[in-house]
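Here are my notes for you to read with the model open beside them. Go through the points in order and find each residue as you reach it.

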Amino acid sequence: MDEQIKQIAERIRGLRDALDLSVEEMAAQCGLGIEQYQLMESGEGDISVSMLQQVARHFDIPLDVLMFGEEPKMSSYFLTRWGTGVSVERTKAYKYQSLASGFKDRKADPFLVTVEPKPEDTPMFYNTHRGQEFNMVIEGRMLLSINGKELVLETGDSLYFDSSLPHGMKALDGKAVKFLAVVMS
């Protein structure tokens with residue numbers, strides 16, 4: 001995981017260098033605090049998909065370029081076979097597998113997300129980002145907290161929500177949970 005985060009950080013730093021922006025200018029343009037941006041660019045901390053989306057949207061570049069270093073090429077369709085999506089573990093909290101990484105000009109970003117079980121006293125990792133999100137549990141059970149409201153989702157359950165509200169997930173029953181997450185701007 002650490003190597004993948006460092007590669008993402010290098011791509012972000014490369015983008016800033018190519019745009020000839022200071023750290024302060026880049027942070028301001030992306031709507032991030034300077035310390036938050038510096039942590040992201042250094043690769044020393046977790047990098048949320050929401051932060052990457054802010055950078056990608058602001059500079060009108062595909063999210064895949066920042067996450068995976070690849071430019072999407074397909075415009076008619078993009079097929080992802082089970083277990084073959086481009087995978088990145090960009091936080092200690094979740095593992096993301098992109099399900100449409102090769103499709104350009106996407107209106108949504110679908111991911112297969114795996115959340116490993118953690119000790120009961122581990123705090124939940126919360127995220128916020130622009131837009132809306134759809135989650136559907138494929139395997140296992142999870143606790144999903146949205147703006148302080150806690151919901152238990154079981155295999156087959158789905159939820160559509162405003163992703164600008166703080167939200168986080170936790171695997172239940174001591175087992176990993178897999179769910180489809182579709183993030184829309």
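1. Let's begin with the overall layout. Along the sequence the protein runs α-α-α-α-α-β-β-β-β-β-β-β-β-β, that is, five helices and nine strands. Helices (H or I, at least four residues) and strands (E, at least two) are DSSP runs, numbered from the N terminus. Keep in mind that this is a predicted model, where local features need pLDDT of at least 70 and side-chain atom pairs count only at pLDDT 80 or more, while totals for chains, interfaces and linings use all residues. Residues are numbered from 1 along each chain as its sequence is written, and side-chain values use heavy atoms, with hydrogens and water left out.

2. Now for how the chain folds back on itself. Of the 185 residues in the protein, 42% are buried (under 20% relative accessible area; exposed is over 50%, and partly exposed lies in between, with a 1.4 Å probe and protein chains only). Among contacts (heavy atoms within 4.5 Å) with a separation of 6 or more, 63% join residues 24 or more positions apart.

3. Look at helix H2, residues 23-30. Which of its residues are buried? They are Val 23, Met 26, Ala 27 and Cys 30. These residues sit on the same side of H2, because they cover an arc of only 100° around the axis (the arc is that of the directions from the helix axis to the C-beta atoms). Here is the background: an α-helix has 3.6 residues a turn, so residues three or four places apart point the same way. The buried residues of H2 pack against H1, H3 and H4. Just after H2 comes Gly 31, with a positive phi of about 70°.

4. Next, a helix pair. Two packed helices are described by the angle between their axes and the distance between the axes. For helix H1 (residues 2-19) and helix H3 (residues 34-42), the axes come within 7 Å and cross at roughly 115°. (Axes are lines fitted to C-alpha atoms, for helices over the stretch in contact, and angles run from 0 to 180 degrees between N-to-C directions.) On the H1 side you'll find Ala 9, Ile 12, Arg 13 and Arg 16, which meet Tyr 37, Met 40, Glu 41 and Ser 42 in H3. By class, that contact has four nonpolar, one polar and three charged residues. (Ala, Val, Leu, Ile, Met, Phe, Trp, Tyr, Cys and Pro count as nonpolar, Asp, Glu, Lys and Arg as charged, and the others, Gly among them, as polar.)

5. On to the empty spaces. Rolling a probe the size of a water molecule over the atoms shows where empty space is left. On a 1 Å grid over the protein atoms alone, a cavity is a set of points where a 1.4 Å probe fits but cannot get out; a pocket is an open set with protein on both sides within 12 Å along at least five of seven lines; lining residues have an atom within 4 Å of a point. Grid points are joined across faces, edges and corners, and a volume is the space filled by probe spheres set on the points.

6. The largest pocket has a volume of about 420 Å³. Its lining has 20 residues, and those nearest the centre are Ile 61, Pro 62, Leu 63, Asp 105 and Arg 106. H4 gives the largest share, three residues. By class the lining has nine nonpolar, two polar and nine charged residues.

7. How many cavities of 30 Å³ or more are there? The count is two. The largest cavity has a volume of about 110 Å³. It is lined by 15 residues, with Tyr 96, Asn 127, His 129, Glu 133 and His 167 closest to its centre. That lining divides into nine nonpolar, five polar and one charged.

8. The second largest cavity has a volume of about 50 Å³. Its lining includes Leu 63, Met 67, Arg 106 and Phe 111. H5 supplies the largest share, four residues.

9. Ser 50 lies in helix H4 and has a relative accessible area of 4%, so it is buried. Leaving aside residues up to four places away in sequence, Ser 50 touches Asn 127, Thr 128 and His 129. Ser 50 and Ser 164 are 114 residues apart in sequence, yet 9.7 Å apart in space, C-alpha to C-alpha. Asn 127 is in the loop between S3 and strand S4 (132-139), and counts as buried at 9% relative accessibility.
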